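Hi,

Here is the model I promised to pass on.

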Amino acid sequence: MPVNPLALLAQSATGFQNGLAGLDRVLDLMGEPTELETRPDAKRLNADEVRGRITLQGVRYQYPKTDKVVLNDITFEAQPGEMIAFVGPSGAGKTTLSNVIARFYDPIEGSVQLDGVDLRDIQIESYRRLLGIVEQDIFLFDGTIAENIAYGRRGASQQQIINAARQANADLFISEFEHGYQTLIGERGVKLSGGQRQRIAIARALLADPRILILDEATSNLDSDSERLIQSSLQELMAGRTSFVIAHRLSTIAHADRILVIDEGRIIEQGTHDELLASSGRYRDMVELQTHRQPEPA
């Protein structure tokens, strides 16, 4: 008696059961409540009409089930196209501040406004479409380079993908692969170097064409040569966009329009690089610590 039909039937049954299990997980995810409520009369944004002015007024935030206030009385305004840098020690509240701007969290006091409108009065989906985020730990999925870049915009053409890669200084190394943009990069981009992964992420953000950009220590894990290439790509990405940059290497944000020094959830200094150096405050101490070589122990 031939066994191939029985083996095929058993394989099909196994695949069917796996599919049902996956469907259950999808339905569970779809049934989860949204992380932030949207008001019934929330405004839907037209991206072409958004200028990109971000205003924070008296923002205070603490994580649920904790007593520690992470952000306290944060007040500043970023004009359209301005680059604002956040610097400070670890745990100062820099990443939490960028997450509040992205509306991953709502402040418990104060407000975050886009062009004078409170973010809670804007449909969260339409606001998130204006955002581009490049983080230190880039998420890439197991697919082709083109698919990973195209994740930034649904329905992007091949030429649009290539143009974004060229702007991100990624086209050259992509072209060196045997299959070019159709190269499979493995789970989380394991077949690429750190600098290559970052440039793919920047190309993705360029393709999305965001109005508001958040860079969370995007170059902190790179060597000097890779960082120079990434910085050139980031300048292209930030041009004309309201940008918030969390910096570890202070040399990378010397050209920022304004630098906010954050400590224990408060803004303790703000100004340009030159202004803060002249003030002989915390920022100057941080710059000197990074630029002056410490004596080696005997």
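Before the sheets, a word on terms: two strands pair if DSSP finds at least two bridges between them. Helices (H or I, at least four residues) and strands (E, at least two) are DSSP runs, numbered from the N terminus. With that in hand, strand β3 (residues 83-87) and strand β9 (residues 258-263) are parallel partners joined by four bridges, and F86 sits opposite L260 of β9.

Some housekeeping: this is a predicted model, so local features need pLDDT of at least 70 and side-chain atom pairs count only at pLDDT 80 or more, while totals for chains, interfaces and linings use all residues. Residues are numbered from 1 along each chain as its sequence is written, and side-chain values use heavy atoms, with hydrogens and water left out.

**The six-stranded sheet**

β3 and β9 belong to an open sheet of six strands with mixed pairing, in the order β6-β7-β8-β3-β9-β10. Its edges are β6 (131-135) and β10 (266-271), each of which pairs on one side only. From one strand to the next, the twist averages 20 degrees (axes are lines fitted to C-alpha atoms, for helices over the stretch in contact, and angles run from 0 to 180 degrees between N-to-C directions). Helix α10 (residues 282-291) lies across β3, β9 and β10, at about 95 degrees to β9.

H273 is in helix α9 (residues 273-278). Is H273 buried or exposed? It counts as buried because its relative accessibility is 16% (buried means under 20% relative accessible area, exposed over 50%, partly exposed in between, with a 1.4 Å probe and protein chains only). Apart from neighbours within four places in sequence, H273 is in contact with A254, I259, Y283 and V287 (contact means heavy atoms within 4.5 Å).

**The four-stranded sheet**

The other open sheet I noted has four strands in the order β2-β1-β4-β5, with antiparallel pairing. β2 (71-78) and β5 (117-118) are the edge strands, each pairing on one side only. β1 (residues 54-61) runs antiparallel to β2, with five bridges between them; I54 has A78 in β2 as its bridge partner. Helix α2 (residues 94-101) packs on this sheet, touching β1, β2 and β4 (109-114), and its direction makes about 60 degrees with that of β2.

**Pockets and cavities**

The search used a 1 Å grid over the protein atoms alone: a cavity is a set of points where a 1.4 Å probe fits but cannot get out, a pocket is an open set with protein on both sides within 12 Å along at least five of seven lines, and lining residues have an atom within 4 Å of a point. Grid points are joined across faces, edges and corners, and a volume is the space filled by probe spheres set on the points.

The largest pocket has a volume of about 1,200 Å³. It has 32 lining residues, with R128, L131, Y151, G152 and A208 nearest its centre. Which strand gives the largest share of that lining? That is β6, with five residues.

The second largest pocket, about 300 Å³ in volume, is lined by 17 residues, and G88, P89, S90, K94 and H248 lie nearest its centre. Helices α2 and α10 each supply at least two residues of that lining.

Over the whole structure there are two cavities of 30 Å³ or more. The second largest cavity holds about 40 Å³ of space, and its lining includes V100, Y105 and R120.

Cheers
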